[in-house]
Amino acid sequence: QVQLVESGGGLVQAGGSLRLSCVGSGDTFSMYAMGWFRQPPGKEREFVATISRVGRKTDYAGSTKGRFTISRDNAKTTVYLQMNSLKPEDTAVYYCAARGPTVTGAYYTRDSDYGFWGQGTQVTVSS
């Protein structure tokens, strides 16, 4: 099993940037595909980005492609979400998730694919 702790959320003006971090512990982090999801106020949780075990493959939601970048540092057991050009509609609680152990190159876009979740970090973008 892996435990996940997110950080880096906060309040930012539209057009600004934030970097979220998610630190994993308890198992071999490099064996897990990782994902970021978010839940806007009053809405369902939605996919944001995913990355394969060693970071060679990534995928993004259409609404975040070109603005957000997911990356990972397995030596630090951390996955990041760099968010640029933030918009008020990006306001949400952001969660990181892990699925594994999994095969090299695999990545997942559905929240039902993930078995381990962090507690979430709030991101608020003001207009």
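Tutor: Then a definition comes first: a nonpolar core is a set of buried Ala, Val, Leu, Ile, Met, Phe, Trp, Tyr and Cys residues joined through side-chain atoms within 4.5 Å. Note also that this is a predicted model.

Student: Fine. Which residues touch the most other members in the largest nonpolar core?

Tutor: Met-34, Trp-36, Leu-81, Met-83 and Tyr-94 do, in a core of 27 residues.

Student: And which elements give two or more residues to this core?

Tutor: Strands E3, E4 (33-39), E5 (46-51), E7, E8 (78-83), E9 (92-99) and E11 (121-126) do. The largest share comes from E9, with 4 residues.

Student: What lies apart from it?

Tutor: Another core, of 8 residues, including Phe-47, Ala-97, Tyr-108 and Tyr-114. In soluble globular proteins, nonpolar side chains tend to be buried together.

Student: Tyr-108 and Tyr-114 then. How many aromatic pairs are there?

Tutor: The count comes to 6 aromatic pairs. In the pair of Tyr-108 and Tyr-114, the ring centres are 6.3 Å apart and the planes stand at 85 degrees, so this pair is edge-to-face.

Student: Is Tyr-108 buried or exposed?

Tutor: Buried, because its relative accessibility is 15% and the cut-off for buried is under 20%. Tyr-114 is also buried, at 6%.

Student: Which residues form the aromatic cluster?

Tutor: Phe-37, Phe-47, Tyr-108, Tyr-114 and Trp-117 form one cluster. Two arginines lie over rings of these residues: Arg-45 over the face of Trp-117, 3.8 Å from the ring centre, and Arg-99 over the face of Tyr-108, 4.2 Å from the ring centre.

Student: Is Asp-113 buried or exposed?

Tutor: Asp-113 counts as buried, at 11% relative accessibility. Arg-99 counts as partly exposed, at 31%.

Student: Take Arg-38 and Asp-90. How far apart are the closest N and O atoms?

Tutor: They are 2.9 Å apart in that salt bridge. Arg-38 is in strand E4 and Asp-90 in the loop between E8 and E9, 52 residues apart. Both Arg-38 and Asp-90 are buried.

Student: What about Arg-67 and Asp-90?

Tutor: Their side chains meet in a salt bridge at 2.7 Å, N to O. Arg-67 lies in the loop between strand E6 (58-60) and E7, and Asp-90 in the loop between E8 and E9, so this pair ties together parts that are 23 residues apart in sequence. Arg-67 is buried, as is Asp-90.

Student: Changing topic: strands. How many bridges join E4 to E5?

Tutor: 5 bridges join them, and the two strands run antiparallel. Met-34, one of the core residues already named, stands opposite Ile-51 in E5. The hairpin of E4 and E5 has 6 residues between the strands, and Gly-42 there takes a positive phi near 75 degrees.

Student: How many residues of E5 are buried?

Tutor: 5 of its 6 residues are, which leaves E5 mostly covered. E5 also runs antiparallel to E6, with 3 bridges joining the two. Ala-49 has Tyr-60 in E6 as its bridge partner. The hairpin of E5 and E6 has 6 residues between the strands, with Gly-55 in the turn at a positive phi of about 85 degrees.

Student: Last one. What is the order of the open sheet of 4 strands?

Tutor: The order is E1-E3-E8-E7, with antiparallel pairing. Strands E1 (3-7) and E7 (68-73) are the edges, each pairing on one side only. The twist averages 15 degrees from one strand to the next.

Student: And how many bridges pair E1 with E3?

Tutor: 5 bridges, in the antiparallel sense, with E3 covering residues 18-25. Leu-4 has Gly-24 in E3 as its bridge partner.

Note on methods. Residues numbered from 1 in each chain as written. Predicted model: local features only at pLDDT ≥ 70, side-chain atom pairs only at ≥ 80, totals over all residues. Heavy atoms only, no water. Pairing = 2+ DSSP bridges. Axes fitted to C-alpha atoms, helices over the stretch in contact; angles between N-to-C directions. Buried < 20%, exposed > 50% of the residue type's maximum accessible area, 1.4 Å probe, protein only. Phe/Tyr/Trp six-rings, centres within 6.5 Å; stacked < 30°, edge-to-face > 60°. Lys NZ or Arg CZ within 6 Å of the ring centre and 35° of its normal. Salt bridge = Lys/Arg side-chain N within 4 Å of Asp/Glu carboxyl O.
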